[in-house]
Amino acid sequence: MPKTYISPDRLRRSFTCPHCGTLSVMHYVVFNFIGEQFISMSENDPRANNRMHIASCQNCKKKIIWIDNVYVYPDIVAEEANPDMPDSVKQLYDEAGLIYNKSPRAACALLRLAIDRLCNELGETDRDINKNIGALVKKGLPEAVQKALDVVRVVGNKAVHPGQIAFDVDDTNTAVMLMRLLNIIVERMIAEPKEIDSLYQSLPESVKDAVENRDKK
């Protein structure tokens, strides 16, 4: 899933296609029904008590479907976990990724718990997630990530405890944001240091000795 992700929404004329993953313009058709009887394809037929909205992706030409404003097809695949994500965190992440489109509140609860567990994996064991995230910022996590976590009630005065549900904000977009933030934390705090260490270890021994001797001065 690309970093610039716009969740499918029948009120939007463009969003990230769940089939091809492209941010694409969508063309819509509407089918209106009274019960099971088709009556028209008007955008706002006042007689209808059931509607089907079908968006057609202009990139791959495949269809996205809502019935009575409820998204039904296709299942949306979540952003894949960073390969350096710890297994105990990835288990929660993957479970949330399977359900976030159909049960975003449950997915958000799992993802908040995953963030709390990730803090523990990174050595921050305070029961207050505010303090854990603050400690990670001191270790190199961008302050912007802390602010973003505050927006989705992971930290801050309105924070909920890990695993609890914030009913007024827990929608699909919140779940997508939490997944992205988890991947950003893993990238900054695990993957990047790992890559830098790998680059350092690949240096000739004479160069590493010179660096270490310099640091001792």
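Y73 lies in strand β6; strands here are DSSP runs of E with at least two residues, helices are runs of H or I with at least four, and both are numbered from the N terminus. This is a predicted model, where local features need pLDDT of at least 70, side-chain atom pairs count only at pLDDT 80 or more, and totals for chains, interfaces and linings use all residues. Residues are numbered from 1 along each chain as its sequence is written, and side-chain values use heavy atoms, with hydrogens and water left out.

| Residue | Relative accessible area | Class |
|---|---|---|
| Y73 | 41% | partly exposed |
| V145 | 6% | buried |

V145 sits in helix α4, residues 143-151. Along the sequence V145 is 39 residues from I184, yet their C-alpha atoms are 8.1 Å apart in space.

Now for the largest pocket. Its lining has 14 residues, with P8, D9, W66, N69 and Y71 nearest the centre. Strand β6 (70-73) and helix α5 (172-201) each give at least two residues to that lining. By type, the lining splits into 6 nonpolar, 5 polar and 3 charged residues; Ala, Val, Leu, Ile, Met, Phe, Trp, Tyr, Cys and Pro count as nonpolar, Asp, Glu, Lys and Arg as charged, and the others, Gly among them, as polar. A pocket, by the way, is an open set of points on a 1 Å grid over the protein atoms alone, where a 1.4 Å probe fits, with protein on both sides within 12 Å along at least five of seven lines; lining residues have an atom within 4 Å of a point.

Conventions: Buried means under 20% relative accessible area, exposed over 50%, partly exposed in between (1.4 Å probe, protein chains only).
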